[in-house]
Amino acid sequence: MNLSTEKTANIEAEQTVLGAILLDSTVLDRVSNLEERDFANDQHRQLFKVMRYLDQMEKPVDLVTVTTEYNRFGKVDEMGGVDYLASLADSVPTTSNIEHYAKMVRSAALRRRGIEVGNEIASLSEGDFSTDEDYFSAIESKVDELRPKDDGKMKSLKDIGPSYFTHLKQPVSTVKTGFSKFDTWSNGLARGALIISAGRPSVGKTAMLLQRVLGISNRPTAGAQVIWSQEMKNTELIDRMIANITDINYPKIIKRNLSEFDHELIQSAYKELERKPIFINDSSGVTIQEVRSKARELKRRFGKLDLIAVDYLQIMNIPKEKNETRAEAIGKVTRTAKQIAREMDCPFIMLSQMTRESEQKKKPQLSDLKESSSIEQDADIVEFLWWDQQDTDNRGKVIQQLIAKGRSIGINEFRLLFRGWKQKFEELPDKP
């Protein structure tokens, strides 16, 4: 049975807020945390909307202007008439305590929305969801609707001061990847950062990601890492990690051409791997909502995440709205990924494709990101892995790592030796 929201309305507090605005329009600035939806009464909701509109148009907000605005559309009776407006203003002797009444309005609204969302969640049990994860994502989406739209509050520098100096005394919290030259230069991957790692096929994007995972997990205080692999099964990723750890020839592993000694090495390596908080989801067509849902679950479970990774961006399930371009839809995903990185306080690596045209250039550019209109804007770091045929080494393929965008760290280039048969990168000296 659905719960009723009738008892959660605080009509008197709503009237007080509206009356105070009519007395002094600067009250709108003091109740800026209120939203139209916070008013339970439809008349009050519309009145607040009109008041906000007039204020945004830099017009006075009083009995005359509000009434005039309603008269333009012949809807003055919908607000209760001029007498009702006058009674609102007359009922408020002072605006000094208006923040208290605004808080009462918002508190009642949150409880009202809680009931509404609870009823909606109950109805979801009758929905047709393809997977349980889709069902959980739908529930979480409903719960997110409860959150006020303006969480942050404006603070003066004086207010911020104590927390700022506490911040200065705390060590910088980053995630070291195990690539020593990169870590020394960048101080590791910043928590809350969105990293786009792009390259054409066969440059080792996935191998690079997995080596970072191994490097991160080697730290004794490592947090959980979660990988979404949409092209490879979890066993394929483990094959690559095992090759990296043991130096067993990767083709031998995938062909199952293994000696008894190889098997012993693999079993020993796997025992080390399974102690690490590494989680793999090898479902195809993952949504960004699923990523957020699972990341939240793991953070609740382990207390800390050290990495979220998706391989790769362009093959995610990315729905498009009417008249929306593919690039715009991808932009919504990368913006949400950035929000997830900040919310989970960990790096978020998204592997990405590059355009075919990039192969004709000597060095990649940000425009070479496939469907790049928003990707480069949302990312804190954009790195390209590419092969310069003029740079060779008889021990393996030399891969160029170009940090083309580095918010807070700048840009740089590194040379890496990729030994594909070991699925392992080694850092090389800079080219003379």
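Predicted model: local features only at pLDDT ≥ 70, side-chain atom pairs only at ≥ 80, totals over all residues.
**View 1. Helix H1 along its length.**
Helix H1 covers residues 11–23. At 1.5 Å a residue, the 13 residues of H1 should span 18 Å. The C-alpha atoms at its ends are 18 Å apart, which agrees.

**View 2. The buried residues of H1.**
Which residues of H1 are buried? They are Ala 13, Glu 14, Thr 16, Val 17, Leu 18, Gly 19, Ala 20, Ile 21 and Leu 22. An α-helix has 3.6 residues a turn, so residues three or four places apart point the same way.

**View 3. H1 against H6.**
Helix H6 runs over residues 98–124. The axes of H1 and H6 come within 8 Å. They cross at roughly 135 degrees. H1 passes H6 in a left-handed crossing. On the H1 side, the contact is made by Ala 13, Glu 14, Thr 16, Val 17 and Ala 20. H6 brings Ile 98, Tyr 101, Ala 102, Met 104 and Val 105. Eight of these contact residues are nonpolar, one is polar and one is charged.

**View 4. Val 105 in its setting.**
Val 105 sits in helix H6. Is Val 105 buried or exposed? Its relative accessibility is 1%, so Val 105 counts as buried. Leaving aside neighbours within four places in sequence, Val 105 is in contact with Ala 13, Glu 14, Val 17, Leu 34 and Asp 38. Among these partners, Ala 13, Glu 14 and Val 17 also belong to the H1 side of the contact with H6. Gln 15 is 90 residues from Val 105 in sequence. In space, the two are 9.8 Å apart, C-alpha to C-alpha.

**View 5. H1 beside H3.**
The axes of H1 and H3 come within 11 Å. They cross at roughly 25 degrees. Angles under 35 degrees count as roughly parallel, and H1 and H3 are therefore roughly parallel to each other. The crossing of this pair, H1 and H3, is left-handed. H1 supplies Ile 11, Glu 14, Gln 15, Leu 18, Ile 21 and Leu 22 to the contact. H3 supplies His 44, Leu 47, Phe 48 and Met 51. The residues of this contact divide into seven nonpolar, two polar and one charged.

Definitions and conventions. Residues numbered from 1 in each chain as written. Heavy atoms only, no water. Axes fitted to C-alpha atoms, helices over the stretch in contact; angles between N-to-C directions. Helix = DSSP H or I, 4+ residues; strand = E, 2+ residues; numbered from the N terminus. Left-handed = near helix turned anticlockwise from the far one by under 90°. Contact = heavy atoms within 4.5 Å. Nonpolar A, V, L, I, M, F, W, Y, C, P; charged D, E, K, R; others polar. Expected span 1.5 Å × (residues − 1). Buried < 20%, exposed > 50% of the residue type's maximum accessible area, 1.4 Å probe, protein only. Parallel < 35°, antiparallel > 145°, perpendicular 65-115°, else oblique.
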